[in-house]
Amino acid sequence: MNYEEIKRKSENYKSDMTKFLRELVQIKGESAEEKGHALRLKEEMEKVGFDKVEIDPQGNVLGYMGNGPRIIAFDGHIDTVGIGEIRNWTFDPYEGYETEEEIGGRGTSDQLGGIVSAVYGAKIMKELELIDPEYTILVVGSVQEEDCDGLCWQYIIKEDKIRPEFVVSTEPTDSGIYRGQRGRMEIRVEVKGISCHGSAPERGDNAIYKMADILQDIRSLNENSVSEGTEIKGLIKMLDKKYNSEWKEANFLGRGTITVSQIFYTSPSRCAVADFCAVSLDRRMTAGETWEYCLEEIRQLPAVKKYKNDVTILMYDYDRPSYTGLVYPIECYFPTWTLPEDHKVTLSLKEAYESLYGEKRTGSKSIIETRINRPLVDKWTFSTNGVSIMGRNGIPVIGFGPGAEAQAHAPNEKSWKNDLVVCAAVYAALPEIYKTK
């Protein structure tokens, strides 16, 4: 391959990519409201020469380059989160801004920039004849990731019957190559009580007091060590080979965590004992932790066992309709996944990057110092559609995308033009390198 020609092509498309990203930012598109983004993406794919562009029943945009039987996919979710407190923004999040280096606006890093680079990476592949006849390049603009990561790909794999050889997630990676992430679960704990008049609380059974005991145990589960004699051993234990056969990957991904995210109650009045209390738990899982393991861990907490007949522990379900009206229910379990460092896909992406840009992370002048000394191959802190692609379905996933993870969901979100160029070039080089491995 002529790497310099790939870089030149990508650099020449910088203004086109910038314009496309700014236009996407100006279209609101939160989860289940992505129709405007989907139609604009379809329009751009058709304009740059995709061989076929479809929108599936869930609303995912599927753009095809080539006609071979083997599929390499690039995924970028086209929904964004909301803007939060507008007073925290120094500019209009939907108008955005542009400087010589930056593009600002909601979704620039998380992660409309990724789909922009994927579209133009595919365009470069076609123009430079880098798509082998055996392969099809599939660029996916996926929906509802911010609400329920992986739901879109569960639908694509199970209902659209599309199973790529591997998938590149274009979520932001700060110019690094990411080969895994912790998983997560959304857990609900419910406790029953008996109400009575608040003037004589001894007549009732206060659900909030029971929950208070359980919450202390949950806090201990997150914060405790694994010292001998510790009744509730902390989640840090999964980094130790004594407790976890997958301890090496757990140390790479980082320890699991658990925290309370919401609390609910019922009571006949402010003058009564509470007869019900429930909490939502955000559980982040490292390698070696499954949903069954995590639920059982809570069931075995001392306070839960003490009140066991009055305690219910379950996973949340997600059943919000997509913007097309389709409902595709799924449990709120998002499995951990890691791609081995010596996997063919990892090595292929690493070779593509290093052949174009060297062995260090790259970036614009304003951010290069924050990147250059970080490992080139690393992992995400947050969750991605990889939870379904690889976590549930075993399809290899590798991450490389424009923007910064720290910009995700933050006010004054921004990305960098140079990142769009770098990612489009690396995407264009990847399939040919993969083919030769």
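A crossing of two helices is left-handed if the near helix is turned anticlockwise from the far one by less than a right angle, and right-handed if clockwise. By that rule, α2 passes α13 in a right-handed crossing. This is a predicted model, in which local features need pLDDT of at least 70, side-chain atom pairs count only at pLDDT 80 or more, and totals for chains, interfaces and linings use all residues. Residues are numbered from 1 along each chain as its sequence is written, and side-chain values use heavy atoms, with hydrogens and water left out.

**Helix α2 against helix α13**

- Helices (H or I, at least four residues) and strands (E, at least two) are DSSP runs, numbered from the N terminus.
- Helix α2 covers residues 14–25 and helix α13 covers residues 417–436; they pack at about 115°, with their axes 10 Å apart.
- That makes α2 roughly perpendicular to α13. (Angles under 35 degrees count as roughly parallel, over 145 as roughly antiparallel, 65 to 115 as roughly perpendicular and the rest as oblique.)
- Axes here are lines fitted to C-alpha atoms, for helices over the stretch in contact, and angles run from 0 to 180 degrees between N-to-C directions.
- From α2, the residues K14, M17, T18 and L21 meet K417, L420, V421 and A424 of α13. (Contact means heavy atoms within 4.5 Å.)
- By class, this contact of α2 with α13 has five nonpolar, one polar and two charged residues. (Ala, Val, Leu, Ile, Met, Phe, Trp, Tyr, Cys and Pro count as nonpolar, Asp, Glu, Lys and Arg as charged, and the others, Gly among them, as polar.)

**L21 in helix α2**

- L21 lies in helix α2.
- L21 is buried, with a relative accessible area of 0%. (Buried means under 20% relative accessible area, exposed over 50%, partly exposed in between, with a 1.4 Å probe and protein chains only.)
- Leaving aside neighbours within four places in sequence, L21 is in contact with I103, T108, L112, G113, V116 and L420.
- L21 and G104 are 83 residues apart along the chain, and their C-alpha atoms are separated by 9.8 Å.

**Helix α4 against helix α13**

- The axes of α4 and α13 come within 8 Å and cross at roughly 45°.
- The two helices, α4 and α13, are therefore oblique to each other.
- Their crossing is right-handed.
- Residues of α4 in this contact include G113, S117, Y120 and I124; those of α13 include L420, C423, Y427 and P431.
- The contact of α4 with α13 has ten nonpolar, four polar and one charged residues.

**Salt bridges**

- A salt bridge is a side-chain nitrogen of Lys or Arg within 4 Å of a carboxyl oxygen of Asp or Glu.
- The count comes to 44 salt bridges.
- K126 and D51 meet in one, at 3.0 Å from N to O. K126 lies in helix α4 and D51 in the loop between α3 and β1, so the pair ties together parts 75 residues apart in sequence.
- K126 is partly exposed at 37%, and D51 is partly exposed at 41%.
- K435 pairs with D132, the closest N and O atoms being 3.1 Å apart. K435 is in helix α13 and D132 in the loop between α4 and β6, 303 residues apart.
- K435 is partly exposed at 33%, whereas D132 counts as buried at 17%.
- R219 forms a salt bridge with E223, with the closest N and O atoms 3.3 Å apart. Both lie in helix α6, four residues apart, separated by about one helical turn.
- E223 is exposed, at 53%.
- Salt bridges that share partners join K19, E23, R40, E43, E44 and K47 into one network.
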